[in-house]
Amino acid sequence: MSGSVPDCIFCKIVAGDIPAEVLARNDHAVAFRDVNPQAPFHALVVPVDHQPDAAASAAADPAVLGHMVTLADEVANASGNEDYRLVANTGAGAGQSVFHTHLHVLGATTSMTETLV
Ligand code: 5GP
Ligand code: ZN
């Protein structure tokens, strides 16, 4: 599975069809604020190409995960978080609720005053 999937909320955010506070993007991934933050800084990094979870993205194109981590590091650093957590819930039993690959980027501070896009 790749490209955009109808009725996938993160595909719609990537396409700009529904609003999100986009912090940064590169050719392969988009970073935006989580609508329900669990930390002072909480962003999501999603690949442009739809896959259901991180392992599926790795199987389809391992380089995509590298682009996602690079973008996560950029937005974490831009928000004043040199240190941060990356979380990829995989499977409903682990709390995954949106089945489009995403990294949670969780930081203890938020000093971001402007976005990177
Ligand atoms: P999961 O539970 O699948 O690991 O994480 C999904 C995350 O997506 C949750 O933290 C939830 O708050 C976030 N989320 C769900 N719908 C939206 C949305 O429409 N916009 C944004 N910005 N975040 C969303
Ligand atoms: Zn999707």
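Helices here are DSSP runs of H or I with at least four residues, and they are numbered from the N terminus. The model is predicted.

**Exercise 1. Find the protein donors of the zinc ion (ligand 2) and name their arrangement.**

Step 1. List the donors. They are Cys8 (SG), Cys11 (SG), His50 (ND1) and His100 (ND1). Their distances from the zinc ion run from 2.0 to 2.3 Å.
Step 2. Read their spacing along the chain. The pattern is C-x2-C-x38-H-x49-H.
Step 3. Locate the two histidines. His50 sits in the loop between strand 3 (41-47) and helix 2 (54-60). His100 sits in the loop between strand 4 (85-87) and strand 5 (103-107). The two are 50 residues apart, and the pair links distant parts of the chain. Both His50 and His100 are buried.
Step 4. Test the angles. Four donors count as tetrahedral if all angles lie between 85 and 135 degrees.

**Exercise 2. Search the whole structure for aromatic pairs and classify what you find.**

Step 1. Count. The search gives 1 aromatic pair.
Step 2. Identify the partners. They are Phe10 and Phe32, 5.5 Å centre to centre.
Step 3. Classify. Planes over 60 degrees apart count as edge-to-face. The planes of Phe10 and Phe32 are 70° apart, and the pair is edge-to-face.
Step 4. Phe10 belongs to helix 1 (residues 9-15) and Phe32 to strand 2 (residues 29-33), so the pair ties together parts 22 residues apart in sequence.
Step 5. Check burial. The cut-off for buried is under 20%. Phe10 has a relative accessible area of 7%, so Phe10 is buried. Phe32 has 3%, so Phe32 is buried.

**Exercise 3. Describe the largest pocket and its lining.**

Step 1. Give the volume. The largest pocket has about 300 Å³.
Step 2. Describe the lining. It has 17 residues, and Phe10, Phe32, Asp34, Val35 and Leu44 lie nearest the pocket's centre.
Step 3. Trace the sources. Helix 1 and strand 2 each supply at least two lining residues. Helix 1 gives the largest share, 3 residues.
Step 4. The lining divides into 9 nonpolar, 5 polar and 3 charged residues.

Technical notes. Residues are numbered from 1 along each chain as its sequence is written. Chains are lettered from A and ligands numbered from 1 in the order in which they are written. This is a predicted model: local features need pLDDT of at least 70, side-chain atom pairs count only at pLDDT 80 or more; totals for chains, interfaces and linings use all residues. Side-chain values use heavy atoms; hydrogens and water are left out. Donors are N, O and S atoms within 2.8 Å of the metal (3.2 Å for Na, K and Ca); water is not among the atoms, so sites may look incomplete. Four donors count as tetrahedral if all angles lie between 85 and 135 degrees; four count as square planar and six as octahedral if opposite donors are over 155 degrees apart and all others between 65 and 115; anything else is irregular. Buried means under 20% relative accessible area, exposed over 50%, partly exposed in between (1.4 Å probe, protein chains only). Rings of Phe, Tyr and Trp (its six-membered ring) pair if their centres lie within 6.5 Å; planes under 30 degrees apart count as stacked, over 60 as edge-to-face and the rest as tilted. On a 1 Å grid over the protein atoms alone, a cavity is a set of points where a 1.4 Å probe fits but cannot get out, and a pocket is an open set with protein on both sides within 12 Å along at least five of seven lines; lining residues have an atom within 4 Å of a point. Grid points are joined across faces, edges and corners, and a volume is the space filled by probe spheres set on the points. Ala, Val, Leu, Ile, Met, Phe, Trp, Tyr, Cys and Pro count as nonpolar, Asp, Glu, Lys and Arg as charged, and the others, Gly among them, as polar.
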